[in-house]
Every structure is written in C-alpha cells, then in structure tokens.
Amino acid sequence: MNKLLFTAILSCLPLLARADAWSESYRLEAAARYADAAAQIEGYVRNSEYAQIRLAWLFYLQGKFSESIAGYRRAQTMNPHSIDAALGVTLPLMAQWRWQEAADASRAVLAKAPWNYTAATRLLAAEEAMKQWRQMAEDAAQLAARYPSDATAWVYVARAEAWQNNVDKAREAYARVLQIVPGHIEATKYLARR
C-alpha cells in the first residue's frame, strides 16, 4: 500500500509544479514583476493557447508591444476562434497609436462576435483617436441602443456629436449620461457650458 501511495504522489508532482508556476506567475504580476511572471510560464507556451495569451499580456504590461502582438497572433493561430486573443492584440496596437490596425482588429472581433462590448468600445476609442466623428457617432449610437444603461456608450455618442457641432444631440446624450451616472464630470462640464 505504501508503494502505491508513493507512486501516486510522484505522479502528481508535475501537476503540482505546474499549479505552483501559475500561482507564482500571478503573484509576481501583482507585485509588478512582469518579466519574472513571464519566466514562470514560458515552459508552457508551446502547447497552451492560454499560456500564449498570458505571456502576450505580460509582454504588454512590460511595454514590449511587438512581442505582445506576436504572442496574441500565435494564440490566434493556435485557436482561430479565440475572442480573447483577437481582443488582446488591440491593446498593444492602441498603446503604439496604431489606431487603424486596432480598429480593424476590433471589427474582426465584431464580425465573429457581434456586439461584443469590449471590441465595440475599443473600436470607438480608435475612431476617436482618428477623429472619425461621423463613424464614431453611428457606432456609438448602435452600442448605446444595445447597452442603454451603459454610460460609456453614451459618452462616446455625446463626444462624437459635440465634435460635429450637433449641440442638441450632444446635450441629449450627456443628459442620458447624467441619468446613469449622476455627477459625471465630463457630462456636467459640457452641459454647464451649453
């Protein structure tokens, strides 16, 4: 019986080591030791889409944006259906101000997962950065129609309308923001000036 128990314990050691590596990686990330956190899981990257996504995230946190993009793309190759990997690539693109590529990546997610909130808001951020006010107004209005209780969607509607000098529409959208988030600073300031 002792031999059987000993064999069972030995067979579990690789699993325990794997769990410890992941736990340590998260602990190091929480301590802002991103390179050390990445080192903990590098051995798992070859065969694990999740490890690839996590490593790409840790590269992003280190400001290694090209490595982050490459990591997310590898994860997409491992699983072409991965919304996580497709969304992940938008972060380093946005950090590099590669707005058109970030918008294209967001649209690709939306093609797979219509009205994915994260993809939609990242698309709006990219459109805002590119000053595509009319397109931003249309996309934000559609998002607000689907998430009517979300202040962020209405803020994007308001900003787009304000930049197009559609004061009444901007006021209406900012008023909606204040219904959802009373005291919202941006909405309050805009309405106080108009």
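This short talk concerns the salt bridges in the structure shown above.

Please note that this is a predicted model, in which local features need pLDDT of at least 70 and side-chain atom pairs count only at pLDDT 80 or more, while totals for chains, interfaces and linings use all residues. Residues are numbered from 1 along each chain as its sequence is written, and side-chain values use heavy atoms, with hydrogens and water left out.

A salt bridge here is a side-chain nitrogen of Lys or Arg within 4 Å of a carboxyl oxygen of Asp or Glu. Searching the whole structure gives eight salt bridges.

I begin with Arg98 and Glu101, a pair whose closest N and O atoms are 2.8 Å apart. Glu101 is partly exposed at 36% relative accessibility, and Arg98 is partly exposed at 29%. On this scale, buried means under 20% relative accessible area, exposed means over 50%, and partly exposed lies in between (1.4 Å probe, protein chains only).

Next, Asp104 bridges to Arg107, with 3.6 Å between the closest N and O atoms. Both residues belong to helix H7 (residues 99-112), where they sit three residues apart, about one turn of the helix. Helices (H or I, at least four residues) and strands (E, at least two) are DSSP runs, numbered from the N terminus.

Finally, Arg159 pairs with Glu186, the closest N and O atoms being 2.7 Å apart. Arg159 is partly exposed at 23%, as is Glu186 at 24%.
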